[in-house]
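Subject: Structure for you to look at

Hello,

Here is the structure I said I would pass on. Please open it and keep it beside this message while you read.

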Amino acid sequence: MTYLDHSREPLRPVVDTAEALQECLSALGGATGPVAFDTERAHGHRYWPKAYLLQIRREGAGTWLIDPVAFEGTDASLGALVSACGDEPWLIHAASQDLPCMRELGILPRRIFDTELAARLLGKPGAALGALLHSELGILLRKAHSADNWSKRPLPEAWLTYAALDVDFLAELAETLTAQLEATGRIDWVEQECIEELERYGAEPTPRVDPWRRLSGVTTLRTARQLAVARALWQARDAIAQRRDRPPSWILPDAAILDAATAAKDTVPTRAELSRLRGFAAPPGQRNLNAWLRAVDEVRDMDPADYPARRLPSTGVPNPRSWDRVDPAAAARWAKIRPAVDVLACDLGGLQPSLVAPPQVLQEALFHHALPTADDLRRLGARPWQVDFLAPLMAEVLGG
């Protein structure tokens, strides 16, 4: 087994000046065809999910590697990349991961083609980029640097080669997958999904309500006081993580917050008690001990009426596991449709059931409607290709 360890053309210097960016834009503008694009982030090394390297390739222009950090605070607009490439589709693998940081840079293409999504809608057993390049084009890439710290400067040449290879064959892969989608009548499915993906992940995200409730183990806490301690420590940790641009777990592990909150079952831990807990008596918890002590002091001085509620008010459909209790008729509909959707997904070539029937759409449709119609499904967000399968299925299973 031989891995490809070099890009198809010599690496250019990383674009990090206005002059180099203008040269890149001119080359892309004079090229033809779709645009292969990727980003490298520093997930697991930084707090902010920003892009630290952009890879872009187009027939006739070759591959360009761009350092977006070099243009922060300058007049240069990376959104000019979109203008330079016109109306051609951008080929992105797993676009949902790249679009949020692209939006922050002002890079929002008019059309995208997600090669991962295309592979999933074809029922491919492996939809990762490396697996697809191997199975479809016979190309082996060594995925050696995906988890590295891409905020490092200067970037090693081996990393730059790895990054260039991520877009080197994306156009050929997209062409191969497109031919298969057209042969199976599924090209419209991908186009509809890509439109939805661009709209969802290219938009400003809605702030999450009470993000601290995502703490590992938070559901084991039983009292409002315990939740107040967990919230205070989470907020103190998040402020430090943002300021230092480091992952929150590097600042204070979830387990340490949970231990402190668990100790607050009857009373808020004293400063001495908190300092003796395992997560706070040694690094990394000890490093910002004064911040943790202040957070716990705030809870001690807090009016219990200001403690967080044990559960957020429900604003949507309850979990189907509770439907037997809250709505037996809806539970009966769920029990009939779920296995039917699984069979349908299998008949469509082993697709994931969630691709055919998005869980939120399916749950809302079955909870609120005795016999969901095509209009109901469309209103709830199902794409036309999904409605074409789900509406007849529901009519047959629930209406017969």
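**What was found**

Ala94 sits in the loop between β4 and α3 (95-104). Please keep in mind throughout that the model is predicted. The phi angle of Ala94 is near 60 degrees, which is a positive value in a residue other than glycine. Ala94 has a relative accessible area of 5%, so it counts as buried, the limit being under 20%.

With a relative accessible area of 14%, Asp245 is buried.

**The protein as a whole**

The protein has 400 residues, of which 46% count as buried. There are 20 helices and five strands in it. The C-alpha trace spans about 70 × 65 × 45 Å along its principal axes. The protein exposes about 20,100 Å², and carbon and sulfur atoms supply 51% of that area. If you take the contacts between residues at least 6 apart in sequence, 67% of them join residues at least 24 apart.

On charge, there are 45 positive and 53 negative side chains, and the centres of the two sets lie 9 Å apart.

**A buried charge**

Asp238 is in helix α9 (residues 224-244).

**Aromatic pairs**

How many aromatic pairs does the structure hold? There are nine. One of the pairs is formed by Phe37 and Trp90: their ring centres are 5.1 Å apart and their planes are at 50 degrees, so this pair is tilted. Phe37 lies in strand β1 (residues 32-41) and Trp90 in strand β4 (residues 90-92), so the pair ties together parts that are 53 residues apart in sequence. Phe37 is buried, at 1% relative accessibility. Trp90 is also buried, at 1% relative accessibility.

Another pair is Trp323 with Phe367, where the ring centres are 5.2 Å apart and the planes are at 50 degrees, so this pair is tilted too. Trp323 belongs to helix α15 (residues 323-326) and Phe367 to helix α18 (residues 359-368), so the parts tied together here are 44 residues apart in sequence. Both Trp323 and Phe367 are buried.

Ring pairs also link Trp150, Trp159 and Tyr162 into a cluster.

**Cis peptide bonds**

Where can you look for cis peptide bonds? One of them runs from Arg153 to Pro154, with omega near -5 degrees. Pro154 is in the loop between α5 (129-137) and α6 (157-168). Another cis peptide bond joins Pro283 and Pro284, with omega about 0 degrees. Pro284 lies in the loop between α13 (278-281) and α14 (289-300).

Regards

How values were computed:
Residues are numbered from 1 along each chain as its sequence is written. This is a predicted model: local features need pLDDT of at least 70, side-chain atom pairs count only at pLDDT 80 or more; totals for chains, interfaces and linings use all residues. Side-chain values use heavy atoms; hydrogens and water are left out. Helices (H or I, at least four residues) and strands (E, at least two) are DSSP runs, numbered from the N terminus. Buried means under 20% relative accessible area, exposed over 50%, partly exposed in between (1.4 Å probe, protein chains only). Contact means heavy atoms within 4.5 Å. Accessible areas come from the Shrake-Rupley method with a 1.4 Å probe; for residues, only the protein chains shown count as cover. Lys and Arg count as positive and Asp and Glu as negative; His and the chain ends are not counted. The place of a charge is taken as NZ of Lys, CZ of Arg, CG of Asp or CD of Glu. Rings of Phe, Tyr and Trp (its six-membered ring) pair if their centres lie within 6.5 Å; planes under 30 degrees apart count as stacked, over 60 as edge-to-face and the rest as tilted.
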